[in-house]
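Please read this briefing beside the sequence and the model that follow.

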Amino acid sequence: MKRFVAVAGMVILASAGAALAEGDAEKGEKVFKKCKACHQVGDKAKNKVGPELNEIVGRKIASVEGFKYSKAFIAKAEEEPDFVWDEANIDTYLTKPKDFIKKNKMAFAGLKKEKDRENVIAYLKTFSKPAE
């Protein structure tokens with residue numbers, strides 16, 4: 001019985017942690033202002049220095065029509081053809097882009113605060129279709 005209670009407690013704690021890690025889209029919109037010089041989202045989003053980020057969550061890497069990706073991104077897409085920008089990959093990339101994809105052209109140093117990354121991902125998810 002003690003084992004069952006301990007396991008049940010761990011499940012409850014794990015699910016609470018996952019709920020807390022969701023992020024706040026409104027706060028993410030504010031953090032996204034750091035990204036707006038190069039990226040757009042929304043109805044009229046266009047490619048700029050970086051690709052537009054509508055539907056980024058769940059999108060295959062280097063797949064935006066009309067955007068000229070760096071050699072580093074093209075190589076990553078060829079090495080990992082099933083690579084998708086899920087929340088974990090976006091989080092890791094936003095932590096330090098140059099470490100995640102070596103020699104990529106993104107000049108942004110990254111978002112050091114985990115909460116900022118969670119919030120930006122929550123904001124970007126508002127421009128992505130829900131998983132079916």
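Is Phe-127 buried, partly exposed or exposed? Phe-127 is partly exposed, because its relative accessible area is 23%, where buried means under 20%, exposed over 50% and partly exposed in between, with a 1.4 Å probe and protein chains only. This is a predicted model, in which local features need pLDDT of at least 70 and side-chain atom pairs count only at pLDDT 80 or more, while totals for chains, interfaces and linings use all residues. Residues are numbered from 1 along each chain as its sequence is written, and side-chain values use heavy atoms, with hydrogens and water left out.

**Overall make-up**
- The protein has 6 helices and 0 strands, where helices (H or I, at least four residues) and strands (E, at least two) are DSSP runs numbered from the N terminus.
- Of the 132 residues of the protein, 35% count as buried.

- Pro-81 is found in the loop between α3 and α4 and counts as exposed because its relative accessible area is 51%.
- Between Pro-81 and Ile-61 there are 8.2 Å in space, C-alpha to C-alpha, and the two are 20 residues apart in sequence.

**Aromatic residues**
- Rings of Phe, Tyr and Trp (its six-membered ring) pair if their centres lie within 6.5 Å, and planes under 30 degrees apart count as stacked, over 60 as edge-to-face and the rest as tilted.
- By this rule there are 11 aromatic pairs.
- One of them joins Phe-83 and Trp-85 edge-to-face, at 5.0 Å centre to centre and with 85° between the planes; Phe-83 is buried because its relative accessible area is 6%, and Trp-85 counts as buried because its relative accessibility is 6%.
- Tyr-93 and Phe-100 also form an edge-to-face pair, with 5.9 Å centre to centre and 75° between the planes, and Tyr-93 is buried because its relative accessible area is 8%.
- One aromatic cluster is formed by Phe-67, Tyr-69, Phe-73, Phe-83, Trp-85, Tyr-93 and Phe-100.
- Lys-76 lies over the face of Phe-100, at 5.2 Å from the ring centre, where a charge sits over a ring if NZ of Lys or CZ of Arg is within 6 Å of the ring centre and within 35 degrees of the ring normal.

**Nonpolar core**
- A nonpolar core is a set of buried Ala, Val, Leu, Ile, Met, Phe, Trp, Tyr and Cys residues joined through side-chain atoms within 4.5 Å.
- The largest nonpolar core has 25 residues, of which Phe-32, Phe-73, Trp-85, Tyr-93, Ile-101 and Leu-124 touch the most other members.
- Two or more residues of this core come from each of α2 (25–32), α3 (71–79), α4 and α6, and α6 gives the most, with 4 residues.

**Lining of the largest pocket**
- The residues of this lining divide into 22 nonpolar, 5 polar and 5 charged, where Ala, Val, Leu, Ile, Met, Phe, Trp, Tyr, Cys and Pro count as nonpolar, Asp, Glu, Lys and Arg as charged, and the others, Gly among them, as polar.
- At least two residues of the lining come from each of α4 (87–95) and α6 (114–125), and the largest share, 3 residues, comes from α4.
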